Amino acid sequence: MDAPKDRVLVVDDESNQRTALATMIAGWGYETASAANGAEALDRLREFEASAIVTDLMMPGMDGSELLRRLKDQGQAPPAIVLTAFGNLETAVALVHDLGAFWFLEKPLQPGALRLLLSRAVAQSRLTDYNEALERRLSEQGVLGNLVGGSDVMQRIFSLIRQVAPTRATVLITGESGTGKELAARAIHDLSPRRTAPFVAINCAALTETLIESELFGHEKGSFTGAVERRRGCFELADGGTLLLDEIGEMPAPTQAKLLRVLEERKVRRLGAAREVEVDVRLLAATNRDLLAEVKQNRFREDLFFRLNVFEVSLPPLRDRREDIPALCEVMVRDMNIRHQCRVSGIDAQAMTLLQNQEWPGNARELRNVVERAVIIAGEGLVQSSHFFGLHSSARAPVVSGDEVRLSVGATIDEAERALIEATLRHTGNNRTRAATILGISQKTLFNKLREYGAPGGTE
Ligand SMILES: Nc1ncnc2c1ncn2[C@@H]1O[C@H](COP(=O)(O)OP(=O)(O)OP(=O)(O)O)[C@@H](O)[C@H]1O
């Protein structure tokens with residue numbers, strides 16, 4: 001059976017020209033379809049999966065540049081070659097630069113040039129498809145960019161990210177500290193058509209009001225004390241790419257108002273500048289706060305909240321996806337081996353159970369710190385429980401408060417026994433004879449148990 005032909009969509013309002021172009025392209029071995037303007041082309045693309053588009057620029061109804069703009073907003077657009085009238089070079093360059101056209105050709109058309117460009121565009125399209133398929137396979141195996149997560153809940157997040165990444169929709173990424181919000185933002189950028197343009201991140205919690213505005217919007221020389229040089233802000237630096245506003249919940253109210261205006265007008269004005277400049281930025285925002293609650297308490301602007309919350313990606317805490325811990329550890333051990341020149345081969349089963357039983361209030365970041373320390377201490381071979389410090393041996397370890405020991409299901413018998421002995425010893429002022437009597441065991445048994453725990457000796 002013959003391999004399927006690559007598909008090319010021809011868009012031109014002039015019917016003779018359209019047919020001539022389509023016939024010529026079909027003669028080069030492509031399957032073709034045609035449309036008379038941008039709107040028809042968008043319609044056609046719904047069922048005709050084109051590897052490339054050849055489009056005229058001037059057309060009644062939706063013209064070529066509007067078509068490119070729509071395709072860019074949708075993401076995942078096939079590469080488009082634009083045919084322009086002679087002498088329209090400036091527009092053509094703008095189309096490539098601003099709207100992501102693959103390239104342009106001046107009319108009258110040179111068939112040889114179009115044939116060469118088409119073969120390159122189709123090759124690029126195949127490479128994109130191949131990368132997407134690879135990305136999908138990896139993410140089914142539990143990896144998306146630097147995010148690790150094979151659990152059902154993370155797989156759902158990965159497919160949300162894959163879905164929203166190619167569009168230019170604003171995404172609000174929520175989740176506790178250390179759940180991977182910045183990694184998710186990076187993955188969205190890397191899976192978008194903006195991947196080769198800059199990814200800029202700014203932490204809104206780390207800056208004062210004046211500084212945050214100058215960081216975001218830039219400033220002119222002398223616009224405030226300390227503004228010695230003229231400076232571009234994050235919006236301008238991220239032009240064509242993605243801007244992450246991290247910890248957006250901490251943004252001061254006046255800055256929120258200015259941000260809203262930028263989002264509405266897609267223009268920024270540097271502090272102290274007379275003119276605004278247009279920017280093309282895809283915005284991502286992250287927070288570990290409940291933004292809706294902040295809105296209700298008038299600490300966050302409602303209109304800004306709705307602008308940002310177009311699409312929410314909510315990352316679950318690590319304790320809700322403990323099954324991901326072994327895969328996370330594998331990646332972390334590998335990274336730490338490289339960083340600290342160690343030769344650790346993995347984590348033994350008992351130590352892994354210990355890690356899986358923790359509550360992890362600091363989420364994956366905390367896990368990473370614990371693994372890093374353990375890898376350094378172990379140096380080589382398998383990491384064992386003794387290489388971890390400050391971890392509870394069970395997520396539901398007994399809690400000792402005063403004369404009470406609170407037990408919950410999840411604690412082991414050993415832990416319960418140890419907690420009770422510790423509490424009793426504390427109650428007796430570390431008097432082992434009295435403690436043994438209260439506990440109903442012999443002094444020898446108590447002594448042996450204390451030795452087992454490595455506890456310091458008490459008084460007789
Ligand atoms: N799903 C994950 N897979 C692999 N590593 C992860 C994952 N989530 C978090 N990490 C690790 O935790 C670290 C912190 O992640 P990140 O900075 O993205 O968290 P965050 O949610 O943005 O935190 P904060 O709210 O404190 O800024 C990362 O550097 C990475 O080592």
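Ile161 touches Leu144, Ala184, Ala187, Ile188, Leu191 and Val313, residues up to four places away in sequence being left out (contact: C-beta atoms, placed from the backbone, within 7 Å). The model is predicted; local features require pLDDT of at least 70 and side-chain atom pairs pLDDT 80 or more, whereas totals for chains, interfaces and linings use all residues. Residues are numbered from 1 along each chain as its sequence is written.

Ile161 and Ile188 have the most contacts inside the largest nonpolar core, which has 66 residues. Such a core is a set of buried Ala, Val, Leu, Ile, Met, Phe, Trp, Tyr and Cys residues joined through C-beta atoms within 7 Å, buried meaning that 20 or more other C-beta atoms lie within 10 Å of the residue's own. Helix H15 gives the largest share of this core, seven residues. The core lies between domain 2 (145–316) and domain 3 (319–387), because both give residues to it; the domain bounds come from an automatic or database assignment. Another core, of 30 residues, lies apart from it and includes Leu9, Leu67, Val82 and Phe102.

The ligand is surrounded by 18 residues, the closest being Ser177, Gly180, Lys181, Glu182 and Ala364 (C-beta atom, placed from the backbone, within 6 Å). Domain 2 and domain 3 each provide at least three residues of this shell. Strand E7 (147–148), helix H7 (181–190) and helix H15 (363–378) each supply at least two (DSSP runs, H or I of at least four residues for helices and E of at least two for strands).

Asp56, in strand E3 (residues 52–56), counts as buried because it has 24 C-beta neighbours inside 10 Å. Beyond four places in sequence, Asp56 is in contact with Val11, Asp12, Asp13, Gly64 and Leu83.

Methods. A residue is buried if 20 or more other C-beta atoms lie within 10 Å of its own, exposed if 12 or fewer, and partly exposed in between; C-beta atoms are placed from the backbone. Two residues are in contact if their C-beta atoms, placed from the backbone, lie within 7 Å.
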